[in-house]
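Hi everyone, thanks for coming along. Today I'd like to walk you through one protein, so please have a look at the picture with me.

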Amino acid sequence: MIMLQRLSLRLARYEEMTAAALAAAVTCLILANIAFRALGNPLYWVSELAIYAMIWMTFLIAGAVLKRRQGIAVTLLSDLLPATGQRAITLAVDAMVLLFALLLAWLCWRWYQPWALAQAGFDVRAFQGQTFNFIYAENTSTLGIKKFWAWLIVPWFALSLSLHGVSNLLQSVQGLRERT
């Protein structure tokens, strides 16, 4: 369990650092776009790249925030409860976060359908014909890359949040056992 806690904390730290780098990149991209527009030569792909960087930043920092249990919360009820009740609520919240993460991971598996893609020999056209799933065919508007690359942050978030959720849940269970 200690190794799982360390792995989760280390991952959260890397997610925070990457999110901070992406925040700086978004700022630089927007400033560059303003400068190029002022010069009469707008770079349209910069706006799209800034949007995707912000999306990735949001998902990455959300995982780290949920790991550290620092999300915005209404604590009116939990503040009125004794310590055991507060730990029980924390346990319930951790269980719901893990349930959400696992559900999201399952939905991502259904969305990307990696097994069906492998069965089609990684032939995107054959995959599309068999599944009517066009995730691997759609391009971004100005960057010209396949959108599934940009959308990979969602399965990453699901897996990362699953790890953080298991870690937090085990920590809550251990805390509840020690106090009762």
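**A walk along the helices**

Let's begin with methionine 3, which is exposed, because its relative accessible area is 70% and the cut-off for exposed is over 50%. Before I go on, please keep in mind that what you see is a predicted model.

Where does methionine 3 lie? You will find methionine 3 in helix H1. Now look for serine 167, which is 164 residues away from methionine 3 along the chain.

Let's step back and take in the whole protein. How many helices and how many strands are there? The count is 8 helices and 0 strands. Reading from the N terminus, the order of elements is α-α-α-α-α-α-α-α. The radius of gyration is 21 Å, while the globule rule gives 16 Å for 180 residues, so the protein is more spread out than a compact globule. Along the principal axes, the C-alpha trace spans about 65 × 50 × 30 Å.

What share of the 180 residues counts as buried? That share is 31%. The accessible surface comes to about 11,500 Å², and 70% of that surface belongs to carbon and sulfur atoms. If we take contacts between residues at least 6 apart in sequence, 70% of them join residues at least 24 apart. As for charge, there are 14 positive and 8 negative side chains, and the centres of the two sets lie 4 Å apart.

Back to helix H1, which covers residues 2-38. Its 37 residues should span 54 Å at 1.5 Å a residue, and the end C-alpha atoms are 54 Å apart, so the two values agree. The buried residues of H1 include Ser8, Leu11, Ala12, Glu15, Ala19, Leu22, Val26 and Leu29. Here is a handy idea for reading such a list: an α-helix has 3.6 residues a turn, so residues three or four places apart point the same way. After H1 comes glycine 40, with a positive phi near 80°.

Next is helix H4, residues 83-112. H4 has 30 residues and reaches 43 Å from its first C-alpha to its last, close to the expected 44 Å. Among the buried residues of H4 are Asp94, Leu98, Ala101, Leu104, Cys108 and Tyr112.

What does phi do just after H4? There, glutamine 113 takes a positive value of about 45°. That deserves a second look, because most residues other than glycine have a negative phi. Glutamine 113 sits in the loop between H4 and helix H5, residues 114-119. With a relative accessible area of 24%, glutamine 113 is partly exposed.

Phenylalanine 122 is another residue other than glycine with a positive phi, in this case near 60°. Phenylalanine 122 belongs to the loop between H5 and H6. Is phenylalanine 122 buried or exposed? It is exposed, because its relative accessible area is 59%, and over 50% counts as exposed.

My last stop is glutamine 128, in helix H6, residues 124-131. Glutamine 128 is buried, because its relative accessible area of 14% is under the 20% cut-off. Leaving out residues up to four places away in sequence, glutamine 128 touches Asn133, Phe134 and Ala137.

That's my tour, and I'm happy to go back to any stop you'd like.

Conventions:
Residues numbered from 1 in each chain as written. Heavy atoms only, no water. Helix = DSSP H or I, 4+ residues; strand = E, 2+ residues; numbered from the N terminus. Rg over C-alpha atoms; globule rule 2.2 N^0.38 Å. Buried < 20%, exposed > 50% of the residue type's maximum accessible area, 1.4 Å probe, protein only. Contact = heavy atoms within 4.5 Å. Areas by Shrake-Rupley, 256 points an atom, 1.4 Å probe, with all protein chains shown as cover. Lys, Arg positive; Asp, Glu negative; His and termini not counted. Charge placed at Lys NZ, Arg CZ, Asp CG, Glu CD. Expected span 1.5 Å × (residues − 1).
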